[in-house]
Amino acid sequence: MAITRFKRIRQSLEALFPERHLYVRSGGEMRGYVFSTGKQLMCATGVAAAALWMGVCTAAMMINVLSVSSTDQVVIKQKAYYERLNADRQARLNSAVAQLSASSGSLDELANSVEKRHAALALLVSDFKGVPGAAQALQVGKPHPLGASPIERIQATRMDQERLIDAAETFAKSRAERLRLAMRMAGLDAGAFTSRGGGSSLGGPLIEAKDPRALAAVLDVDEDFAGRIQHAATDMSDMRQLSAASQQLPFYRPTNNPALSSSYGVRFDPFTHRPAFHSGLDFPGSFYTPIMATAPGVVSYVGVRSGYGNVVEIDHGNGFKTRYGHLQAASVRVGQRVAIGQRIAAMGSTGRSTGPHLHYEVWVNGRAQNPNRFLKAGEYVQQAS
């Protein structure tokens with residue numbers, strides 16, 4: 001069967017490439033050349049291979065030319081970003097020069113614009129006083145050289161104003177975002193601690209955040225600059241509200257010992273040796289180790305609770321409450337206002353306990369929460385300060 005198929009293939013090739021004779025006459029002599037089927041097949045194979053190689057090389061070159069690597073795309077994007085940045089700065093400089101030319105060479109109009117911007121910036125920067133890190137982030141530029149011309153000094157001042165408003169926007173927004181992230185780490189909605197709906201005060205007048213034209217009229221500056229002032233002031237307002245809220249939340253550690261002997265969630269009960277839900281954190285230590293309030297508030301309970309032994313509970317307002325159990329002794333009384341980090345009790349082993357430790361719980365609107373989330377959020381807030 002295979003021999004028959006081979007014969008058919010051979011016959012087909014011989015019919016496609018029949019034996020050919022080529023006669024060449026040169027110098028009165030006749031020479032003959034015979035091109036057998038095999039030689040014709042070899043020539044055809046060589047031509048096909050050469051054509052295929054040229055096609056592959058051509059396609060590869062076209063793909064290489066037309067395709068752009070990911071690295072090239074990143075370079076192109078960076079180049080476009082810096083070109084836009086330079087174009088924006090040049091446009092601002094051209095605007096200042098045009099303003100100077102329109103005033104028939106007088107510096108009065110440009111100087112007035114610089115003074116009005118300085119006044120607006122003074123109102124904004126005053127809101128940043130007392131904020132950690134603000135003084136370094138909003139440092140005023142170096143004095144201009146004495147040999148500079150008035151135009152150069154005014155232009156340098158305007159550029160420093162642009163740098164200052166950029167720094168204010170970035171500083172306020174980044175700190176507000178870090179505080180929002182800390183709230184999310186604690187499982188809280190940061191929007192509940194900010195109130196943008198009522199506008200934001202800036203230098204006395206109350207300006208609607210949605211109307212920068214009104215602020216521009218009050219500050220007597222251009223609308224674009226007023227809008228940037230408003231954005232920075234809004235972010236600053238959010239930052240202050242979130243920072244104030246974080247100071248009222250149980251973000252502080254109840255003991256100086258960072259170690260934990262039991263975490264929040266299901267664990268094996270030390271008495272029954274069966275899985276049971278543990279509604280807080282256990283901090284090990286020795287007897288009479290100081291226990292501190294994790295947030296400011298009012299002591300709402302001092303006494304004995306079943307299983308907890310001696311207990312102190314603090315109401316922090318807005319639905320937040322903390323509970324401290326297995327205490328040896330309490331150093332506060334009901335109704336007493338306590339500050340963050342204030343000593344409220346001493347560690348013990350009262351109640352359902354196997355040794356001296358603190359059982360610490362955080363409650364929000366009547367439900368026990370994972371205290372570890374609040375501790376991690378507190379560490380993040382302290383890093384942001």
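**Exercise 1. Work out how E379 pairs up with R253, and how exposed each partner is.**

Start with E379: its relative accessible area is 39%, so call it partly exposed (buried is under 20%, exposed over 50%, partly exposed in between, using a 1.4 Å probe and protein chains only). R253 is partly exposed too, at 22%. Next, check the atoms: the closest N and O atoms of E379 and R253 are 3.5 Å apart, which makes a salt bridge (a side-chain nitrogen of Lys or Arg within 4 Å of a carboxyl oxygen of Asp or Glu). Helices (H or I, at least four residues) and strands (E, at least two) are DSSP runs numbered from the N terminus.

A quick note on the model: it's predicted, so local features need pLDDT of at least 70 and side-chain atom pairs count only at pLDDT 80 or more, while totals for chains, interfaces and linings use all residues. Residues are numbered from 1 along each chain as its sequence is written, and side-chain values use heavy atoms, with hydrogens and water left out.

**Exercise 2. Find the partner of D238 and say whether the pair is buried or exposed.**

The partner is R180, with the closest N and O atoms 3.0 Å apart in a salt bridge. D238 sits in helix α8 and R180 in helix α6, 58 residues apart. Both D238 and R180 are buried.

**Exercise 3. Trace the salt-bridge network that includes E313.**

Take the E313 to R305 bridge, where the closest N and O atoms are 2.7 Å apart. E313 is buried at 3% relative accessibility, whereas R305 is partly exposed at 30%. Now extend it: R305, E313, K321, R323 and E361 are linked in a network of salt bridges. A search of the whole structure gives seven salt bridges.

**Exercise 4. Look at V312 and its place in the largest nonpolar core.**

That core (buried Ala, Val, Leu, Ile, Met, Phe, Trp, Tyr and Cys joined through side-chain atoms within 4.5 Å) has 38 residues, and V312 is one of those touching the most other members. Beyond neighbours within four places in sequence, V312 is in contact (heavy atoms within 4.5 Å) with residues including Y324, L327 and I344.

**Exercise 5. Describe the backbone and exposure of N318 and N365.**

N318, in the loop between β10 and β11, has a positive phi of about 55 degrees without being a glycine. N318 is exposed at 71%. N365, in the loop between β14 and β15 (367-369), also has a positive phi of about 55 degrees and isn't a glycine; N365 is exposed at 62%.
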